[in-house]
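This report describes how one protein chain is arranged. Look at the sequence and the structure below, then read on.

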Amino acid sequence: MMREPISMSTSEGRSAAGNASMTTNENKDKPWPPAGIDWYYSDGSTAIALGDCRLILPHLEPVDLVLTDPPYGVGLGSRKNNNRERIAYTQTADNDETIDGVLSLLDVALLMSKRVVLTPGVKNLLRYPPPTHIGSFYYPAASGCNPWGFSCWQPILFYGKDPYGGKGSKPDSYQSTEPAEQNGHPCPKPLGQWAWLMARTSLEGETILDPFMGSGTTLRAAKDLGRKCIGIEIEERYCEIAAKRLAQEVLNL
Ligand SMILES: C[S@@+](CC[C@H](N)C(=O)[O-])C[C@H]1O[C@@H](n2cnc3c(N)ncnc32)[C@H](O)[C@@H]1O
């Protein structure tokens, strides 16, 4: 599946999610997993593609929500974590250039989805285009250090319309002390925390895409919450971890 990578930018893409004009009702009648992709793994509601999301995205149909936790460009692996381990992605560098790639992809995500929700990391927050709204994960026990003290929050960027109608009907933030599972990925998101975000930003039966899948937390949550979900991951070892997690029974989240 060798195609030209998606090029950087197009400003018109940034307004597409806000229009929410795209309908994916037709998705219900379409075959699953979607045709035209050589899937690494698939089951009745989830599908994983191994590869560079910039090459795979042009082959995908519109989805209801892009929900993702992209690389943070913080030099993952260049210093030790809380367990004094040096852990890094093996195939991609976690640097400023990676963030440029993520930003170029955001334009495409906004064109192919009604909503885009992502966790940019505090360091990159101001590099992203202005979202419709900003929420947060709040960590009372802190999740690291920064030049101004303990890191007690992580921003969530919301692009597009609230599927629950907005107007204060549901919270935009979530407090969490849940540790992530040790699954072999350097920075998996805690499942309960991510499931809250998915339930908050999508409706049952909708189709979700995570172009930076990692160990498959988005797909695992989707399976447990009755959504369809496509994940794309550039590293095979993380696809393997995700496939194993998906092979387990549906969890009661
Ligand atoms: C922050 S991690 C996601 C972790 C995930 N939320 C989890 O719970 O496991 C970002 C992931 O994006 C992947 N990645 C980086 N560049 C990519 C690209 N161009 N296409 C697909 N995946 C990519 C990295 O290998 C990494 O696993």
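Leaving aside neighbours within four places in sequence, I134 is in contact with P155, I156 and L157. The model is a predicted one. I134 is found in strand 5. Between I134 and I156 there are 22 residues in sequence terms, yet their C-alpha atoms are 5.6 Å apart in space. Is I134 buried, partly exposed or exposed? I134 counts as partly exposed because 15 other C-beta atoms lie within 10 Å, while a buried residue needs 20 or more and an exposed one has 12 or fewer.

F150 lies in strand 7, which covers residues 149–150. F150 has 12 other C-beta atoms within 10 Å, so F150 is exposed. Not counting residues up to four places away in sequence, F150 touches A142 and C145. F150 and Y139 are 11 residues apart along the chain, and their C-alpha atoms are separated by 9.8 Å.

**Strand pairing**

Strand 5 takes up residues 133–138 and pairs with strand 8, residues 153–159. The table lists this pairing with two others.

| Strands | Sense | Bridges |
|---|---|---|
| Strand 5 and strand 8 | antiparallel | 6 bridges |
| Strand 5 and strand 9 | parallel | 3 bridges |
| Strand 4 and strand 8 | antiparallel | 3 bridges |

F137 has Q154 of strand 8 as its bridge partner, and Y138 stands opposite Q175 in strand 9. For V117, the bridge partner in strand 8 is F158.

**The sheet and its helices**

In what order do the 9 strands of the open sheet stand? The order is 1-2-11-10-3-4-8-5-9, with mixed pairing. Strand 1 (41–42) and strand 9 are at the edges and have a single partner strand each, so one side of each is left without a neighbour in the sheet.

Helix 4, made of residues 191–201, packs on the sheet. Helix 4 touches strand 3, strand 4, strand 5, strand 8, strand 9 and strand 10, and its direction makes about 150° with that of strand 3. Helix 6 (residues 236–246) also packs on the sheet, where it touches strand 1, strand 2 and strand 11. The direction of helix 6 makes about 170° with that of strand 2.

**Helix 3**

Helix 3 runs over residues 96–112, which is 17 residues. At 1.5 Å a residue it should span 24 Å, and its end C-alpha atoms are 25 Å apart, so the two values agree. Which residues of helix 3 are buried? They are T98, I99, V102, L105, L106, V108, A109, L110 and M112. An α-helix has 3.6 residues a turn, so residues three or four places apart point the same way.

**The ligand shell**

How many residues surround the ligand? There are 21, and the closest are D69, F212, G214, S215 and T217. The shell divides into 10 nonpolar, 5 polar and 6 charged residues. Helix 2 (53–56) and strand 11 (228–233) each supply at least two residues of this shell.

**The whole chain**

The secondary structure of the protein comes to 6 helices and 11 strands. The protein has 253 residues, and 37% of them count as buried. Among contacts between residues at least 6 apart in sequence, 69% join residues at least 24 apart.

Notes. Residues are numbered from 1 along each chain as its sequence is written. This is a predicted model: local features need pLDDT of at least 70, side-chain atom pairs count only at pLDDT 80 or more; totals for chains, interfaces and linings use all residues. A residue is near a molecule or strand if its C-beta atom, placed from the backbone, lies within 6 Å of it. Helices (H or I, at least four residues) and strands (E, at least two) are DSSP runs, numbered from the N terminus. Ala, Val, Leu, Ile, Met, Phe, Trp, Tyr, Cys and Pro count as nonpolar, Asp, Glu, Lys and Arg as charged, and the others, Gly among them, as polar. The expected span of a helix is 1.5 Å times one less than its number of residues. Two strands pair if DSSP finds at least two bridges between them. Two residues are in contact if their C-beta atoms, placed from the backbone, lie within 7 Å. Axes are lines fitted to C-alpha atoms, for helices over the stretch in contact, and angles run from 0 to 180 degrees between N-to-C directions.
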